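Biologist: Can we go through this one together? I have a few quick questions.

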Amino acid sequence: MKAAVLHELGKPPRFEDFPEPSAGHEEAIVQVRAASLKAVDKQLAAGTHFASPRELPVICGTDGVGNLPDGTRVFFGGPRRPYGAMAQRTVAPAAFCFPVPDALDDATAAALPNPGVSALLSLSHRAKLTKGEKVLILGATGVTGKLAVQIAKQLGAARVIASGRNPQALENLRDLGADSIIQLNQPDDDLKKAFAQEAGEAGFNVVIDYVWGRPTEILLSAITRQEFAAINSETRLVQVGESAGATIALPAAVLRSIALTILGTAGIPSRDILVAAMRQVLDWGAAGTLCIETDQVPLADIEKAWTRAERGRRLVVVP
């Protein structure tokens, strides 16, 4: 069979032949229809992820959409190495094969679950967003950030503020539910004023942070109190990504002047929580209330596709 085969960490995979998979106990052979190309796939192949492969060659790709032997169309995750999702066929745990609604096309079904579940769990499981709260999405113009804007509205957020660098993408987020936008590419003082104005006296209830680095430092400076005051609400900041920097300076005054809780995404939740989130995201996608933009490329062009920039659209590899 043909597959995207990785022979050396840090190099793009190659389109070539690879032995056919066979299913073991509680595993399923999947005839792959589409597989998304995500940042984590590139990190794994680059050797920069903690779960990067130690034995090569392997097939790239962590999840996708395909058919089981009985014809059922499923979203699958966690293929058993050396097999991966970017191949004509793969082998995956049967427990990680989820039926896909008929209303979802292959590309959307392959692209939506990973970032959609991530955004949903960040908002509901980690931040515990409740109806009527105010949400700031730092880095809202990326694939997952766009979904976070939509999901925050689905969960009942009263106001969603989207921030990012791409002016046109930011404007388009208004159509996806953003009540206000903040351009990150502006002088620090102006950005601080914009954050402070949107925070108001009540502050942000939830911040989903895909950028970290300098923008987060400016945000924290903007919401730091300059006087003693009664605090009536808590800000829950969920740290998800680091597109603007891997570290921040955190003055002690930030933590002493406001009720701030900083949370990580905390890895993979229990299977029950994961399954419920997966079903919710797929249902929203099938209903058309959760949208993702995709670009499809043939598996044969994987080497060229590997270096393409995402630019707010999810690349989907089709065998």
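Biologist: What covers the buried residues of H1?
Modeller: Strand S1 (2–6), strand S3 (27–37) and helix H10 (302–306) are among the covering elements; contact means heavy atoms within 4.5 Å. Helices (H or I, at least four residues) and strands (E, at least two) are DSSP runs, numbered from the N terminus. This is a predicted model: local features need pLDDT of at least 70, side-chain atom pairs count only at 80 or more, and totals for chains, interfaces and linings use all residues. Residues are numbered from 1 along each chain as its sequence is written, and side-chain values use heavy atoms, without hydrogens and water.

Biologist: Which residues of H1 are buried?
Modeller: In H1 (residues 39–46), Asp 41, Leu 44 and Ala 45 are buried, with buried meaning under 20% relative accessible area, exposed over 50% and partly exposed in between (1.4 Å probe, protein chains only). They span an arc of only 95° around the axis, so they sit on the same side of H1. The arc is taken over directions from the helix axis to the C-beta atoms.

Biologist: What follows H1?
Modeller: Gly 47, with a positive phi near 85°.

Biologist: And Glu 26, buried or exposed?
Modeller: Exposed, at 58% relative accessible area. Glu 26 is in the loop between strand S2 (14–17) and S3. Its phi is positive, near 60°.

Biologist: Where is Trp 212?
Modeller: Trp 212 is in the loop between strand S12 (206–209) and H7. It is buried, at 11%. Its phi is positive too, about 55°.

Biologist: Switching topic: which residues does the cis bond with omega of about 5° join?
Modeller: Leu 56 and Pro 57. Another cis bond joins Arg 81 and Pro 82, with omega about 10°.
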